[in-house]
Each structure stands twice: as C-alpha cells, then as structure tokens.
Amino acid sequence: MQKEEVVRIENLSFSYGGDYEVLRNVNLSIYKGEFLGIIGPNGAGKTTLLRIILGLVSGYKGSVYLFGKNVSQFREWERVGYVPQRLSVEKLHPVSVRELLSSVVRRESDLEFLIEFLHMEELLDKQFVKLSGGQQQLVLLGIALSSKPELLLLDEPTAGLDIHSQEHIMEILKSLSKEEGKTVVMVSHNLGILFPCADRIVAIDREIKYSASPEDSEKLVASIFGLHGNE
Amino acid sequence: MELLGYDFVQRGLLVGVLIAISSALTGVFLILRRLAFLGAGLSHFAFGGIALSILLGVEPFLFTTVLVLLLANGVEFLRRERKIGGDISLAVVFSGGVALAVVLLGISGGFRESLFSYLFGNILIVSSVELYMSIAVFLAVILFLTFYFKSFVLLSFNEDIAKVKGAPVRFLNYLLVSVASLVVMVSIKAVGVLLASSFVVIPSMVGIMLSKSLKGSMLISSLVAVLSTLSGILISLNFDLAPGGSIVMVMILTFLIALVVKKR
Ligand SMILES: Nc1ncnc2c1ncn2[C@@H]1O[C@H](COP(=O)(O)OP(=O)(O)O)[C@@H](O)[C@H]1O
Ligand SMILES: [Mg+2]
C-alpha cells in the first residue's frame, strides 16, 4: 500500500526578487504520521519553505499540494496548524491568552480541552507579551492545535528556551506524533532534541542536501555543514 | 451649566461621544497594526480634498469622504502588493494634501474662511448631515467589530497565523483602513484637520498601555475618549476656549497620567 502524502512539493524554486533563488528545485513529499525534522544553516530557506507550504508566499515556480490539493485552492485550513518563528508581535500588545485562544476555538469545550492538554490554567488571564519564552511558545502551540489539525508545521519552536521548556515542548510533540498519529514537521537547529524524536531528517541549504534517517543524518550533518550537536 | 440646556450643546455632546467611541475602538487596531500615522496622513490629505470640493462647488464632506476612502485603500494596496511601507505612502499623502490646499488657496482667495473653519473644526456647530454621518460611522464600527472581532484579534497579533486560521486577511485590512477613513472624516468635524489624528491615537494608546487584555484596552480607550471629549467641551464652554483644542489637551493630560501610572 502506498503511504499517503500529506504534503507534496514538485520542482519548487523561489526568489524574493532578483536572480538569487532562496529555494532551488526542491522536491519533497511528507507522509501521513511521520515526524519530519528540517535542518539547515541560517538563511537556508527553511522558513520560506514552510510559508510556501502554508500558502503564505506566492510567486514560486513548481507545485505545492496539501492533502492532494494545490495549495492555492486549498481551503480546509482547520486540518493544518502552524507555529511561526520568532513572533513579531507589537511589544505593547494587550491581548490576553484567553482572548487569543477564544478567537481560534470553535466551541467552549475545545478551549477547555486545550487548557487542560497544555496545562495553561494559570496563563489564561495574563498578557501574551508578558509571558516567558516557553509560555509564549506553549500558547502558540495551543493556537496551532485549536482546530485539532492533522498536520503541524513548527518553525524553531524551541529556539531561545531553557532546557526544561524545550523538553516540555518536545514531550508534547512526541505524544502528538506517536500517540495521536499527527504529521509533524519541525524546523530546528537543535539536533540534540530533534534527532531522538524525528523519523526522518531533511537537510536544506537552498536545495535539498539529503533526506535520511536521524542515525545516518548525524554522520552526514558533520560532513556537509560542519555542524556539531546543539547550537 | 445652563448652557447644557441648549440644543446645539446637546447635539455637540452627542456627536462628540459617538466620534470618541468610534475613533477609540478603531484606533486600538490601527496602533496594533502599526498604522498609527494613518489618521494624520488621511486628515491632512482631506484638507486638500476639502479645498478642491469648495473650489468645485460640491458638498465638501461627502466629496472628501469618497476621496479619502479611495486614497486609504490605495495606500493599503501599495503596502500589500508593492511592499511600499504605509508610513512612506502616508508621508507623501500628508504633504500632498496640504500642498494641494495651499495651491488652491492661491488660485481663489474667496473661500479662505470656509476652508480655515476645517482646520480647527467645531463640534458645537453640527449640521444634520454631520449628525447622521456620526451615527452611521458609529454603527459601522460597532458592526464590523462585532462581526470580525476574533479575526481582528488574530490579525493584529500575527498576520500569518490569521491567514492559516482562515481569516479573510486581505479583506479585513481593506475594511480597517476604510472604517478608519470614515472615522477620520467625522473627527475632522469635531476637532479639525490638525487635531483629527489625536482621536485615533491618544485614547487608544492610553487603553493599550493601561490594560492587560484587548477588550480592556478597548473599554479604557473608549472611556478616556468620551470623558476627554465631554470635559473638553464643557471647559471650552465655561472658559470660552476652542473646543477642539480643549478636548485634545485633556486627552494629552490622560496620556501623561497613564505614562506615570504605567511606570509603576
Ligand atoms: N520577506 C523577505 N523578503 C526578502 N528576502 C527574504 C524575506 N524573508 C527571507 N528572505 C531571505 O531569504 C533567505 C532565506 O530566509 P529564511 O527562509 O528565513 O531562512 P531560514 O529560515 O532557513 O533561516 C535569506 O537570505 C533571507 O534573507
Ligand atoms: Mg527561519
């Protein structure tokens, strides 16, 4: 039986303007239920790739399909959750955690489920911008999970967090992947926490350098990027 | 206080309250979308539009409202599709409007007085059209916030998240600048071209600074706007001062108090 493709990218090339291509001839399929880790140096195009998969960037060459549908025609966004990189929220933004979560859930029961699942009771009436990095990341994850998505895309969700918060986030992602069978795509520089969770690692630097198991990846990483372990 | 018995005073107070709430609510989202300068840009552009309409002999308020709506949507279009920062377009628009007014003033000296009355506005001289207009704008603001509140929360927070959650982001951005255009036009009536932008900036900023939630900010900014407007009008009546200036002075006072309170 063929594995079901959740994301399919064919001959994708993209430039923000000018001749320089941020992504060059990328071909990638992401399969249902897998935990895919994406690694690569800064400026490699990882964030751009995620945003293209989400239909947030247009004007690329090639095709991108989400759940079998061309992303430009895709409308079932409740099937997809996104945790963006480094949020550029206005520093003064007064929005509370409760307001944020209420604005994404359909029913009150979904809100209660999220609060319980992520243990966010104490955060509810706090201002988002006043939370610690780890708490903010938890809320962003809550927003992404609010529609019970099948596919979860996370852009460096553990960057800048303390070890405890990193482990907490990874614990949650692992259970979403292994117990609930969600498809998880995670961009990270932190190979030490990514490799134990991932089923497959894709390394990109404008183009796909390799796609391999985490075990093989450890050897390849050193030879291609000269990266070592954590960053 | 017997002045409160007069029809024109009651009308002024009513229109003031409507404008205050409309601008405070809209202003919160403008500031969070980094469009605080929109009010100043549009109101000064409107000055050029008003000069043009007086010269052409058409109804200034309606004519200029249409111009400002077109322009605000144009600025948003440039920002979205051509990646030209809103502040840059608005700086051009700001000076363009004033330049137009100055040039038109030179062509025909005849309408100086009527044009100058728009510089400072006067909330105590409200025509029926202006009264109905402020009621309509108030209702429009309340309606659009009721329908799209959740989407606006997300949009002001992070545009990418809003899009992935299926919010009609492009439409909402155009809707926001359109509503802001209407709000600016009615504020011009109240406090004039020079001070109109303070209505969409100062009370909203106070609300944002003092509250720990978005709804709280909207409530506080509305209260600040209403109280400043009412007390500004009363001060102007009692001491025979310009109402527009008095209102904005009270707003600035609350802003300074908020700065002090916020420090702690
Ligand atoms: N909005 C943008 N406009 C122009 N260039 C951009 C934009 N976003 C990213 N870039 C450029 O594209 C390249 C890839 O960026 P990005 O996808 O963020 O890389 P990564 O996430 O791997 O660090 C970088 O050179 C970056 O400077
Ligand atoms: Mg990135």
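This is a predicted model: local features need pLDDT of at least 70, side-chain atom pairs count only at pLDDT 80 or more; totals for chains, interfaces and linings use all residues.
Me: How do the residues of the shell around ligand 1 divide by type?
Reply: The surrounding residues include Tyr16(A), Val22(A), Pro41(A) and Lys46(A). Asn42(A), Gly43(A) and Thr48(A) are also among them. By type, the shell splits into four nonpolar, five polar and one charged.

Me: Which residue has an N or O atom in its side chain 2.7 Å from an oxygen atom of ligand 1?
Reply: Ala44(A) places a polar backbone atom 3.1 Å from a ligand 1 oxygen. Lys46(A) uses a polar side-chain atom, at 2.8 Å from an oxygen of ligand 1. The side chain with the 2.7 Å pair belongs to Thr47(A).

Me: How much of the accessible area of ligand 1 does the protein cover?
Reply: On its own, ligand 1 has 560 Å² of accessible area.

Me: Which element gives the largest share of the lining of the largest pocket?
Reply: The largest pocket has a volume of about 1,600 Å³. Elements giving two or more residues to its lining include α1 (46-53) of chain A, and α3 (60-81) and α6 (128-157) of chain B. The largest share is four residues, and the element is α7(B).

Me: How many residues of the lining of the largest pocket are charged?
Reply: The lining holds 49 residues. Nearest the pocket centre are Arg51(A), Leu56(A), Arg80(B), Glu159(B) and Lys163(B). Across the lining, 23 are nonpolar and 11 polar. The charged residues number 15.

Technical notes:
Residues are numbered from 1 along each chain as its sequence is written. Chains are lettered from A and ligands numbered from 1 in the order in which they are written. Side-chain values use heavy atoms; hydrogens and water are left out. A residue is near a molecule or strand if one of its heavy atoms lies within 4 Å of it. A polar contact is a pair of N or O atoms within 3.5 Å; within protein, one must be able to donate a hydrogen and the other to accept it, and residues adjacent in sequence count only if both atoms are side-chain atoms. Accessible areas come from the Shrake-Rupley method with a 1.4 Å probe; for residues, only the protein chains shown count as cover. Ala, Val, Leu, Ile, Met, Phe, Trp, Tyr, Cys and Pro count as nonpolar, Asp, Glu, Lys and Arg as charged, and the others, Gly among them, as polar. On a 1 Å grid over the protein atoms alone, a cavity is a set of points where a 1.4 Å probe fits but cannot get out, and a pocket is an open set with protein on both sides within 12 Å along at least five of seven lines; lining residues have an atom within 4 Å of a point. Grid points are joined across faces, edges and corners, and a volume is the space filled by probe spheres set on the points.
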